[in-house]
Number of protein chains: 2
Amino acid sequence: LLDQRKLPGQLEYFDATSFDDLCFAIKEMIVRGAPSIGVAAAFGFAIEAARLSHMLKAENLLKLLPSIKEKLDNTRPTAVNLHWATDRLLAAAVALLSEPITSDDFRSRTLSLAQEIFDEHIQTNCKISSTGATLVKQNASIITHCNAGPLAVCGWGTALGIIRFAHFAVLNPHVYVDETRPRNQGAKLTMWELAQDKVAATLICDNMSGYLMSSRKVDMVITGADRIATNGDSANKIGTYNLAVVAKYHSVPFYIAAPLSTFDAVAKTGGDIPIEERDSIEVTHIEGKSITAQGVCALNPAFDVTPAQLIDGIVTEVGILRPPYLASIAAAFGQSTFVRQQNENIQYMK
Amino acid sequence: LLDQRKLPGQLEYFDATSFDDLCFAIKEMIVRGAPSIGVAAAFGFAIEAARLSHMLKAENLLKLLPSIKEKLDNTRPTAVNLHWATDRLLAAAVALLSEPITSDDFRSRTLSLAQEIFDEHIQTNCKISSTGATLVKQNASIITHCNAGPLAVCGWGTALGIIRFAHFAVLNPHVYVDETRPRNQGAKLTMWELAQDKVAATLICDNMSGYLMSSRKVDMVITGADRIATNGDSANKIGTYNLAVVAKYHSVPFYIAAPLSTFDAVAKTGGDIPIEERDSIEVTHIEGKSITAQGVCALNPAFDVTPAQLIDGIVTEVGILRPPYLASIAAAFGQSTFVRQQNENIQYMK
């Protein structure tokens, strides 16, 4: 895993060779971004289940599988792609163990499924990127928040995938990148990724979007999402909600880009999405140095929920979903290949 | 001058004994906050005019006085209190020189006026603080942005003066303080000032206000201002506008607290207020360390304009001004003592 905590200063890789390594990498945000976390968790599940299959009988392994999922699910509570990935691995592993199988076969089958999830993400993001790019006008000025590029989501990226696709399609987009306090993923990762592709980009503080929209041309806002409820309410990095409110006030279209694995069929509204609270030291310190008085209290919710009424469209691999989202999301899942694929995977594993 | 760049880590004083020292102190934000800048500029003008009066004839000094004002006015272009203070000093100095006066008398009279402006600010802020505190409910939860406490405005403070007054009136306010990127005045100065008085305070990132208003009780927002147009449009630290838009979306009352010296009779709307653009290094670096990729472009407007329609009231030393502001601001100046006082000062100098 490219250690995202150390970018853009250092290009260092973290060798995650064990289950504990992967849990640590997700929790500590060595790997981050909802889809990337999902892929990492899939490999984490496969590695651990395979390791245990060499030591345990099938019936005992079956009893332990839910705890592997649980440990992974608890590393980051908000992103649902993680649960989606561990659900798929758990179902597949249970199916495999329902009939006699060698531990080597079990290992190769579970690792294959993790790899398949990885490959699916790359394909999915390519579809999201090309579909979303149809929303981008020539010379568009775009604001994005946090990081939804290749590092976060594998392959093209989602929100950043759309921008990169528009760039390579010679639409000449200019991107204003929110630095994304407190962890500065916009400043550190998005600016770095855009520089790799030579996309025109300007760093701004999260509080400058209103100034920008009132004084310069801003054509659209695009961000990723970490979990989307069935009514379209979308959890994403803290600050996305403020940006969406400011965009609405200026009648600037606000789009979310996310794969269907980001949707949570159980969450009816944003109120059903748990919001991770992280250590306040992320707010009080930057690069290990205090930016405030000693001993102060700080709040550090990692995400917020943007209500559906502020979202003009959700770009997915099956098209751009539009309000009313209850209907368009349901329809997307009806026609989606991923539910079918998931069933096929389980079938194939059997 | 208490060096505000070094707080809260170090309590260091900067000796500004010359005109150039004072210009440097304002430009480099050793002293900051619109009213404090005004007071510093008043002393700067007095020191320089007095120094020159010992070397030049009255007629030659008269020719040089406008350039003293111009140099001071150019240190920070947005805060109007600075112009207001240098206008007063210039008018008084011109009046003094219209009749024979010794250079010692000239020196003591101009320094007296600077001291008077200082004393006025302290009285003014006391009135603003006690008046504004009538808006604060018992156990109120308040968001503030940047720093409008004693460091910024002399004496009680304006926005923070109201909060401090409410605290000492045992109204038990709880303050959420925006860190205020890019210079973190909220994290560095406001949190430090609130800690001195033991006011309950929680540091947040600028992008968390929407999360806070949608998930917890927030009763009001109060900020200071750097320049207010005659229609009520208010320039204040970058991010104030975003906060006001988010407050409006949640129907949370948004108040400005500022002395009448912050109003610009020449600016009809916010569009007439110049916005200072500062070095992009303030955005790309924190405490001298880069937080982004090498060579990136960054935008750094120091202020934004909150339109009058987002402001529920402007707390001044002559009362709380309410919409429509064109009328209430005109009325405030009609009844204000400061215009009269200004004329009296000039009269007195004569």
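Which residues in α2(A) meet which residues in α5(A)? In this predicted model, where local features require pLDDT of at least 70 and side-chain atom pairs count only at pLDDT 80 or more, while totals for chains, interfaces and linings use all residues, the α2(A) side of the contact (heavy atoms within 4.5 Å) consists of Pro35(A), Val39(A), Ala42(A), Phe43(A), Ala46(A), Ala49(A), Ala50(A) and Ser53(A). The α5(A) side comprises Ser103(A), Phe106(A), Arg107(A), Thr110(A), Leu111(A), Ala114(A), Gln115(A), Ile117(A), Phe118(A) and His121(A). Residues are numbered from 1 along each chain as its sequence is written, chains are lettered from A and ligands numbered from 1 in the order in which they are written, and side-chain values use heavy atoms, with hydrogens and water left out.

The axes of helix α2 (residues 34–53) and helix α5 (residues 103–132), both of chain A, come within 9 Å and cross at roughly 175°. Axes are lines fitted to C-alpha atoms, for helices over the stretch in contact, with angles from 0 to 180 degrees between N-to-C directions; helices are DSSP runs (H or I, at least four residues) numbered from the N terminus. The crossing angle therefore makes α2(A) roughly antiparallel to α5(A) (over 145 degrees). The residues of this contact divide into 12 nonpolar, five polar and one charged, where Ala, Val, Leu, Ile, Met, Phe, Trp, Tyr, Cys and Pro count as nonpolar, Asp, Glu, Lys and Arg as charged, and the others, Gly among them, as polar.

Over all chains, the structure holds 12 aromatic pairs (rings of Phe, Tyr and Trp, the last by its six-membered ring, with centres within 6.5 Å; planes under 30 degrees apart are stacked, over 60 edge-to-face and the rest tilted). Tyr241(A) and Tyr249(B) form an edge-to-face pair, at 6.4 Å centre to centre and 75° between the planes. This pair crosses between chains, from helix α10 (residues 240–249) of chain A to helix α10 (residues 240–249) of chain B. Tyr241(A) is buried at 4% relative accessibility, whereas Tyr249(B) is partly exposed at 34% (buried, under 20% relative accessible area; exposed, over 50%; partly exposed, in between; 1.4 Å probe, protein chains only). The rings of Tyr249(A) and Tyr241(B) likewise lie 6.4 Å apart at their centres with planes at 75°, so this pair is also edge-to-face.

Within chain A, Trp156(A), Phe165(A) and Phe168(A) form one aromatic cluster. Lys237(A) lies over the face of Phe303(A), 4.4 Å from the ring centre (NZ of Lys or CZ of Arg within 6 Å of the ring centre and within 35 degrees of the ring normal). In chain B, the charged end of Lys237(B) sits over the ring of Phe303(B), 4.3 Å from its centre.

Definitions and conventions
Helix = DSSP H or I, 4+ residues; strand = E, 2+ residues; numbered from the N terminus. Parallel < 35°, antiparallel > 145°, perpendicular 65-115°, else oblique.
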